[in-house]
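Biologist: I have a new model to look at, and I would like to learn how its descriptions are reached. Could you walk me through it?

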Amino acid sequence: MKANRTIILLLLAAVSLQSCATYGKFTEPVLDVQFSDSIKSLGWREMFRDTCLQKLIDTALVRNSDYGIALLRIEQAEQRLTEARLAYLPGASAAPEASWSGTSSVQPVYNLGLEASWELDLRGELTARKRLAQSSLEEMRLEGQAVRTRLICSIAQTYYSLLALDRKVEISEQTIVNWSKSVQVLEALKLAGRSNDIAVLQAKAKMLNLEASTEALKGQVLYTEQILCTLVGVTRRTIERGSILEQDFPTLENGIPLDYIGARPDVIASQKRLAQAFYATEIANAAFFPSLRLSGSAGWTNYSGGTVFDPMAL
């Protein structure tokens with residue numbers, strides 16, 4: 001009768017704690033974003049069709065340190081979520097021991113202790129922790145997507161800047177050749193008496209100025225190659241590349257609607273951080289209520305007091 005009364009009291013306490021639980025689920029705002037088919041189904045390989053650029057991006061997605069750190073953070077968040085899910089299961093531990101004792105003869109003594117405990121999620125703390133870990137994992141995945149997108153865009157922007165510099169160098173070198181021919185013509189005209197030294201010197205000065213600017217452009221090419229190597233995650237080398245005149249880009253709609261901003265991974269990641277703050281508050285509120293943990297223990301030993309301690313042997 002007393003045992004039944006104890007069980008009834010425990011059930012009533014559990015129901016009372018369940019009724020005063022404070023946990024809830026965060027409601028995320030719904031983003032009404034309608035993508036056009038041209039943007040929705042367009043990947044970076046379709047956007048950037050240069051094979052040299054595609055090779056650089058593929059290498060960067062393997063060797064870039066920032067993107068590698070983002071992937072490791074995703075794995076870390078996955079482990080935290082697994083830990084939060086395992087918290088629903090009961091925990092058990094065992095403590096085996098062995099010792100030797102005796103007076104007249106040494107004999108082994110074996111002990112085995114078993115303990116088990118199970119915390120009932122009446123306050124909703126375990127649920128809040130699981131949802132907190134889930135939101136953290138989703139945030140890390142979005143952050144990884146944002147890092148990947150920024151990396152691809154940075155590589156593409158630097159690559160096309162490098163192609164533009166190559167084209168500038170080509171134009172400058174061709175202009176130097178043309179100015180060299182002009183200087184030769186002016187020198188010939190001077191010998192014929194149809195020009196003077198001033199015109200020749202002015203042409204040579206412009207050609208020398210153009211040669212200096214061409215060398216500066218070549219220095220910018222080397223610097224841009226170094227930046228691109230850093231982004232890709234390789235040592236300093238000459239970047240294999242095409243020509244700016246050979247580029248083929250897909251046709252896109254003019255402009256991007258403002259609603260598309262809501263689909264950015266960094267914007268959605270901010271919403272996931274807001275959800276984490278919500279669940280952290282729920283965990284703090286649950287601490288004001290008592291918890292219920294069921295635990296038990298058992299043990300086994302081959303110890304016998306008569307064999308270990310015998311007064312007649314003293």
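Modeller: Happy to! The protein chain has nine helices and three strands, and this is a predicted model. Starting at the N terminus, the order of the elements is α-α-α-α-α-β-β-α-α-α-β-α.

Biologist: Now for the surface. Which residues form the nonpolar patch there?

Modeller: The patch is formed by Y110, L112, L114 and W300, which together have about 400 Å² of accessible area.

Biologist: And which strand gives the most to the nonpolar patch?

Modeller: That is strand 2 (residues 107-120), with three residues. W300, in turn, has its place in strand 3 (residues 292-301).

Biologist: Why does W300 count as exposed?

Modeller: We set its value against the cut-off. Exposed means over 50% relative accessible area. W300 has 51% relative accessibility, so W300 counts as exposed.

Biologist: Good, that is clear. What share of the 314 residues in the protein chain is buried?

Modeller: Buried residues make up 28% of them. To be called buried, a residue must have under 20% relative accessible area.

Methods. Residues are numbered from 1 along each chain as its sequence is written. This is a predicted model: local features need pLDDT of at least 70, side-chain atom pairs count only at pLDDT 80 or more; totals for chains, interfaces and linings use all residues. Side-chain values use heavy atoms; hydrogens and water are left out. Patches are made of residues with over 30% relative accessible area and no salt bridge: like charges are joined within 9 Å, nonpolar side chains (Val, Leu, Ile, Met, Phe, Trp, Tyr) within 5 Å. Accessible areas come from the Shrake-Rupley method with a 1.4 Å probe; for residues, only the protein chains shown count as cover. A salt bridge is a side-chain nitrogen of Lys or Arg within 4 Å of a carboxyl oxygen of Asp or Glu. Helices (H or I, at least four residues) and strands (E, at least two) are DSSP runs, numbered from the N terminus. Buried means under 20% relative accessible area, exposed over 50%, partly exposed in between (1.4 Å probe, protein chains only).
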